[in-house]
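The following note sets out several points for a reader who is new to examining protein models. Please keep the structure in view while working through them.

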Amino acid sequence: MLRPLTNAFRDCRALDGLWRFAVDAEGVGRDQHWWRGALPGKAEMPVPASYNDIPADAAVRDHVGEVWYQTCAHVPATWGGQRIVLRFGAAAHRATVWVDDQEVVSHVGGYTPFEADVTDLVRLGEANRVTVVVDNRLDWDSIPPGYVEDTPDGPRQRYHHDFFNYAGLHRTVSLYATPAAHITDVTVTTDLDGLAGTVDYEVRASEGERARVALHDAEGTEVARAEGLSGRLRVEDVHPWRPGEGYLYDLRVELLGADEAVVDRYSLNVGVRTVAIDGTDFLINGEPFYFTGFGMHEDHVVRGKGHDDASMVHDFALLEWIGANSLRTSHYPYAEEVLDYADRHGIVVIDETAAVGLNLGIGGGIVSSSTQETYSDETVSARTQEAHRQAIRELVERDKNHPSVVLWSIANEPESHTDAARDYFKPLFAEARALDPSRPVGFVNVMFAPAGECKVAEFSDVVMINRYYGWYVQAGDLAAAERALEAELHEWVRCEGKPIIMTEYGADAQAGVHSAVTQPWTEEYQVELLEMYHRVFDRVEAVVGEQVWNFADFATSAGFARVDGNKKGVFTRDRRPKAAAFSLKRRWNARGDAVE
Ligand code: GCB
């Protein structure tokens, strides 16, 4: 799905700002047709943002069900004759949208964009009412899954993943115009051939068979051109996209009408790079790449999972400060702005679907007391699998052209030691590979399914594992943890012979808690645990990446193992470095592959 943009043929306006807002505590809004007029009450809500923490009201924070948003969208009179589209960057987790009295689109899945062609509905030169109902409920058929428990105090949302179920309009909402005959999609894949690079492109259009493309370098000089809806561009003496540098070309696509007249134009950033696996090496542009960085979360004080550029740029600045070269979009697709930034700055991304919590053995970050089977008709079922397939499709469709994305992660810590898991995942891996043959595909393995017992690892191109030796097991005993970790890594090499990325390792640390004799929860213990892992990584050649859990402290659901959220951040939730940050900064800057 193409991002909207403004150029000579297209125009895009953000509808962000304060919207009217109503919590539908009784669940009556649909029956009462709330979209037909002004929403009840006087509440206002910023867009984009999670609504949960804005009003300082437990009834809003913990509401289970629907909330309503409403705004007025002024449609310029100059857009007459154009195709007009209303687009949502994300609405967690389900949404239905009306323009004035007309329903225009529904979408399921809280982390990917959706849009509606509203050309025939909007009144030009006037303000049009836009109403959205957003439902935060997770069930066994959604990604991520969850279930709602009816209690004497009302419904309670339960789930098996370890981050707070923030909801609302988390990303930008836009209204945009394109020509009636327009470019609907562009796909690029790139390759290197000695000093030259190639860009294979494919253009889709609503009508018309003719297109012209030109590739411009960063200085604006045209370096290749071609005609046709698909083809190959060759760039002699190419400047590759590299980690830490992020050189981008600009692919200008023009759709041609009668008489060669240009009827639509789209510009796409293109980074020319290759990704490959060779034995236990992960290669970018044919050179072994070692991932340093974090599993992160879109999570901030007050705005929750709402995107904002200031927080994003600051987080990237901290990644640069600490010497990280990569991140994983744990545990869902991040805002499109994040991928764009990573492209421009050469940050390497492991891009993950929102398939997290498909494991009834885990609860609140640790072992759960559930006695239900993970894979069954009542829990993770064929219906969940269909939603998961759709989540993979929407992720790849959205992010396929980002050079920063070098690896798809189709799930985090699902149950993977059973035959049911193998049956569930086999077709999903096939789907991801069919959608994008150009990138490796993997999933993130949980410590309950170690090497030799995991029945999904065989489908994965890389071994991505989350391990908590020294924390959830051998807590406080780093010597025993070191032995166990090293033994398991060697076992992965023996069983799979693939590159290993440690996608999570870490310890909770409450900022400001210290001890002379190292104890869990202190800043010193977090440092010592990370340093122990690093000693082991340096002894196991197949380890090609270390991504600490987590970049920053983050909000979770309540539980005895969480102190005002998860405290495994190397930065606090307000982005102040803990002692571990300085230790990582020394290690990663000394490696010399940090982002400049
Ligand atoms: C994990 C999960 C992550 C949790 C983390 C923890 O394995 O992937 O979502 O937050 O452990 O801190 O328990």
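1. This is a predicted model. Helix H2, residues 309-322, contains 14 residues. From its first C-alpha to its last, H2 reaches 20 Å, close to the 20 Å expected at 1.5 Å a residue.

2. The buried residues of H2 are Ser-311, Met-312, Asp-315, Phe-316, Leu-318, Leu-319 and Ile-322. Viewed down the axis of H2, these residues fall within an arc of 155°, so they line one face of the helix.

3. Just after H2 comes Gly-323, which takes a positive phi of about 90°. Gly-323 is also one of the residues touched by Thr-292.

4. Thr-292 is found in strand E23. Its relative accessibility is 0%, and therefore Thr-292 counts as buried, the cut-off being under 20%. Leaving aside residues up to four places away in sequence, the contacts of Thr-292 also include Ala-324, Asn-325, Ser-326, Glu-546, Trp-588 and Arg-591.

5. An N or O atom in the side chain of Asn-566 lies 2.8 Å from an oxygen atom of the ligand. For a polar side-chain atom of Trp-549, the distance to a ligand oxygen is 3.0 Å. Taken alone, the ligand exposes 320 Å², and the protein buries 96% of that.

How values were computed: Residues numbered from 1 in each chain as written. Predicted model: local features only at pLDDT ≥ 70, side-chain atom pairs only at ≥ 80, totals over all residues. Heavy atoms only, no water. Helix = DSSP H or I, 4+ residues; strand = E, 2+ residues; numbered from the N terminus. Expected span 1.5 Å × (residues − 1). Buried < 20%, exposed > 50% of the residue type's maximum accessible area, 1.4 Å probe, protein only. Arc of directions from axis to C-beta. Contact = heavy atoms within 4.5 Å. Polar contact = N/O pair within 3.5 Å; in protein donor to acceptor, adjacent residues only side chain to side chain. Areas by Shrake-Rupley, 256 points an atom, 1.4 Å probe, with all protein chains shown as cover.
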